[in-house]
Structure formats: structure tokens, C-alpha cells
Amino acid sequence: MFLKQYLTTQWLGVILSIAGLFVPAHLVQAATYLATADAHTRTNVPSKNFGTKNMLRVQKWSDTTGFIKFDLNSLAGSTIESATLSIPVEKVDKSGLVTIHRVLGNWGETTISHSNKPAISSAVVGLEVSSDRVGETISVNVTQLLRQMITNGSDSIAFSTGDAEVGMGTRDSGSPIRLAVSTAGGGSANTTPTIVGDPPSSVSANSNYNFVPQSSDADGDTLTHSITNKPAWASFNAGTGRLYGVPGDSDIGVHGSVSIAVSDGQDSATLTPFEIEVTEDGTGSVGLSWNSPTQNTDGTPLRDLAGFEIDWTRTNNGAKGSVEINNPSVSTYVVENLAAGNYEFTIVALNDDDIESAPSNKAFKSVN
């Protein structure tokens, strides 16, 4: 028996241009680094020649030099767009100029002393510190310095002075110096990608099965998908994670422990394993028709409509199915081989880039 139900909807809000789906040509990432070690050395107080204290000191009269170290391994090979040191000023006994240098050797937080401290470069940048700035956090542009550090494989910065007496925040004080870095083309700590989705749990034999997970990555990295226990009747797209195909009568049964994962090249995430039950195909049919969209959500004319996708759910047991129509001029379709039950239908429009619109209104039909 041919059962007919019509979708009569005019999509005035077709989403064929979705913000965030396109990676800009010049991708900038930002990250903030905290000190992994900080210490100061001084000639006249041997008992305080190493280790972090409540203040990272710098002063000339006792030849006190401050050192701070960061873990910058993730920045190797990156293009530094900008770098800023945020320096909490804890104490100023004498105003003056504090200069910032690149450290030319290695050192340890609990072993550094005035006698074994590493050499430092000439001053790269400086900041004027006065007594009225106590309690402030001073920001200093150290882009040039960080570029030199990345090029030379250095991870440490030194503070020195010719006249000032200044105390700065440390890890022990709870107010550490921070390094904020913006990079082009990567360089910040990697963010694990995410993957979510509700794969259809069943499909009728000789019907289309289609599932596309929603994968994303905060870093904008290129994502690659993989699958384990893929049914023999199904195809898989590693770029989108799409699992699709048409099982035959010989595939009737349960295909279990299907698992789809996504990777950004460094970390990966996996969708909860799922089963797909292939059931006997039915004999019911439902005819659908629709009004094709003519414009995008911003009111501009729709010029790249490529086709449609019809999705349906058998509400009795949650079984899902879909079919893709690669012809924008089609406005009717008959969904066949439906088993008895109650069905819910929606349709989305697709553009040339395979971007989907919002779904149409739902249509409901019972198949006997």
C-alpha cells in the first residue's frame, strides 16, 4: 500500500554559511606560560644564593640577578606573532631601569649560585620601575626576545639592573611572572579534539545507512577519522568520519562494537562504541515533497544549492535511515522498503561544500 505524506515547508532560514567552519588562512593561537623555575643570585648573601623565595630580586649594589625559566617546547618551529611578560611588582626600594636578557646557558632552581650562574645576552628590552608601581603588574613586550630564544633553543630570561632595587613575584609568592604568547601556525599547548554523535542503531536491509559524527578541534588542526569493526557492507570517509552504505539481505543481524575515533595528529578522542542492527526490509512507502529554499539566512540569494538529504526515524525502536539526493531540482521523493511502524521525517538542504541547512519541520506518518 502506498502511503503519502507531504512536507510543505519554505525554508527562509537555510544555513548554508556557518561561522566557524572555515579555517582562516592566517590562524593565530594564544597561550599563557607560567614559570617552571625562578631564582636569584647575590654575591653578598651566600645563604640566599639559590631557590625561589617570596620575591625575585634584582639590584646592582649586591650584584643580584633574577632568573626565570619556562617550558617552551611546544613553541619549537612556531612563528611568534607577539609575546608579553606580565611582571607583578612586589617591592621597590629604589626606582630605576630593569633590563631583560636571554640566558645563554642552563641552570637549576635549587643549585644556581652567583659563582655558577650562566651568562646572559646584552639587554634586549627594559622597563622603568618606580616606588609608586608597587602592587601593579607591569606588561612588557618581549616579542623580539622570545623570537631569539626560540631560534637559539633557550628557555630562560634574566633580569639585571644598573641602579634599581626591585622585588618581583615568584611561584612561591603565588603571583608568578606570566608569559603570554600568540603564534601563527601552531605552537600553543595542544587541545584534544572532540567527537560526538548519535549513530542510528538499526537499518533495514536494502536501505541507506548514514551517520556523520560532529568532530571539532579548538586549535583548528586538521582532523583525521578512523574506524574499528566497520561492517563489511559500509563505507567510511576518514576526512568527515561519515559511515554509510546499503546492507543487503545477507547482512541481516547485529554488527557490534563499531568505534569511530578522531585525531589531530597529536591527541585523539573516540566515540562510544555502538551496534548497528540490520533488519528485514519492509514493504511500506512514504511520499514526500518540499519547496526548495531560495536564499541564505542573511537574505542573500542561494546560488550553490547542490541537493538534499532526507532523514527519518522509526520512533517505535529508534531505527534511523537517510537518503541523499544529489540534484537540486528534485522536490519529491518516495521513501520505500519501510517496515511497519511510526516514522518521523525531516529534510535538509546541501550546498556545493556539503554544508547542511537547518532541518525542515517534522512530518509524521504511520506505516502498516
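Predicted model: local features only at pLDDT ≥ 70, side-chain atom pairs only at ≥ 80, totals over all residues.
Colleague: Let's take the nonpolar core, then. How many residues does the largest one have?

Modeller: In soluble globular proteins, nonpolar side chains tend to be buried together. A nonpolar core here is a set of buried Ala, Val, Leu, Ile, Met, Phe, Trp, Tyr and Cys residues joined through side-chain atoms within 4.5 Å. Buried means under 20% relative accessible area, exposed means over 50%, and partly exposed is in between (1.4 Å probe, protein chains only). The largest core has 33 residues, and those with the most contacts inside it are Leu85, Ile100, Leu146, Ile157, Phe159 and Leu179. Strand E6 (residues 79-94) gives the largest share, six residues. Strand labels come from DSSP: helices (H or I, at least four residues) and strands (E, at least two) are DSSP runs, numbered from the N terminus.

Colleague: Which residues does Ile157 touch?

Modeller: Leaving out residues up to four places away in sequence, its partners include Phe67, Phe70, Leu85, Ile100, Val103 and Met149. Contact means heavy atoms within 4.5 Å. There's also a second, separate core of 18 residues, with Val286, Val323, Tyr343 and Val367 among them.

Colleague: On to strands. Why is E24 described as largely enclosed?

Modeller: Seven of the 10 residues of E24 (residues 305-314) are buried, so the rest of the structure largely encloses that strand. For its neighbours, the rule is that two strands pair if DSSP finds at least two bridges between them. E24 runs antiparallel to strand E27 (residues 341-351), joined by nine bridges, with Gly307 opposite Leu350. E24 also pairs with strand E25 (residues 319-325) in the antiparallel sense, over seven bridges, and there Trp312 stands opposite Gly321.

Colleague: What sits between E24 and E25?

Modeller: Four residues, making the two strands a hairpin; Gly318 in the turn has a positive phi of about 80°.

Colleague: Last one: how many salt bridges does a search of the whole structure find?

Modeller: Four. To count, a side-chain nitrogen of Lys or Arg must be within 4 Å of a carboxyl oxygen of Asp or Glu. One of them joins Arg133 and Glu136, with the closest N and O atoms 3.1 Å apart. Arg133 is partly exposed at 28% relative accessible area, and Glu136 is partly exposed at 34%. Another joins Glu344 and Lys362 (3.7 Å, N to O). That pair links distant parts of the chain, 18 residues apart: Glu344 is in E27, and Lys362 is in the loop between E27 and strand E28 (363-367).

Key. Residues numbered from 1 in each chain as written. Heavy atoms only, no water.
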